[in-house]
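The following exercises concern a predicted model. Each task is followed by a solution that goes step by step.

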Amino acid sequence: MIVTADEDDRHSGNRVLTSVLTPALSHKVARGRLTHYSLTRYIAQVLGVRPLGNGRTAPDLKAAFGL
């Protein structure tokens, strides 16, 4: 399960909380920059399909969390 809480205050450098809940992880903190497109890329990877649009070049959420 992935939970994202995005409270955009319209300033650059915004940080968005994203929690990845899976038995495969225990107290992992991803330090790299991820985007909303990272989530679409991850969903495509799970489904075994090619990511669409900006998901193709988005930072890899799967790699960031070591999944």
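**Exercise 1.** Determine which residues Ser 38 touches, leaving aside residues up to four places away in sequence, and state whether Ser 38 is buried or exposed.

*Solution.* 
1. Ser 38 belongs to helix α1, which spans residues 36–47.
2. With the sequence neighbours up to four places away excluded, Ser 38 touches Ala 58, Pro 59 and Leu 61.
3. The relative accessible area of Ser 38 is 0%. Buried means under 20%, so Ser 38 is buried.

**Exercise 2.** Identify the salt bridge that a search of the whole structure finds, and explain which parts of the chain the pair ties together.

*Solution.* 
1. The search returns one salt bridge.
2. Its partners are the side chains of Asp 60 and Arg 41, with an N to O distance of 3.6 Å.
3. Arg 41 lies in helix α1 and Asp 60 in the loop between α1 and α2 (61–64), so the pair ties together parts 19 residues apart in sequence.
4. At 23% relative accessibility, Asp 60 is partly exposed.

**Exercise 3.** Characterise the largest pocket by its volume and its lining.

*Solution.* 
1. The volume is about 830 Å³.
2. The lining has 26 residues, of which Val 16, Leu 17, Thr 18, Gly 32 and Leu 34 are the closest to the centre of the pocket.
3. Two or more lining residues come from each of β2 (17–20) and α1, and β2 gives the largest share, four residues.
4. By class, the lining divides into 11 nonpolar, 11 polar and four charged residues.

Methods: Residues are numbered from 1 along each chain as its sequence is written. This is a predicted model: local features need pLDDT of at least 70, side-chain atom pairs count only at pLDDT 80 or more; totals for chains, interfaces and linings use all residues. Side-chain values use heavy atoms; hydrogens and water are left out. Buried means under 20% relative accessible area, exposed over 50%, partly exposed in between (1.4 Å probe, protein chains only). Contact means heavy atoms within 4.5 Å. On a 1 Å grid over the protein atoms alone, a cavity is a set of points where a 1.4 Å probe fits but cannot get out, and a pocket is an open set with protein on both sides within 12 Å along at least five of seven lines; lining residues have an atom within 4 Å of a point. Grid points are joined across faces, edges and corners, and a volume is the space filled by probe spheres set on the points. Ala, Val, Leu, Ile, Met, Phe, Trp, Tyr, Cys and Pro count as nonpolar, Asp, Glu, Lys and Arg as charged, and the others, Gly among them, as polar. A salt bridge is a side-chain nitrogen of Lys or Arg within 4 Å of a carboxyl oxygen of Asp or Glu.
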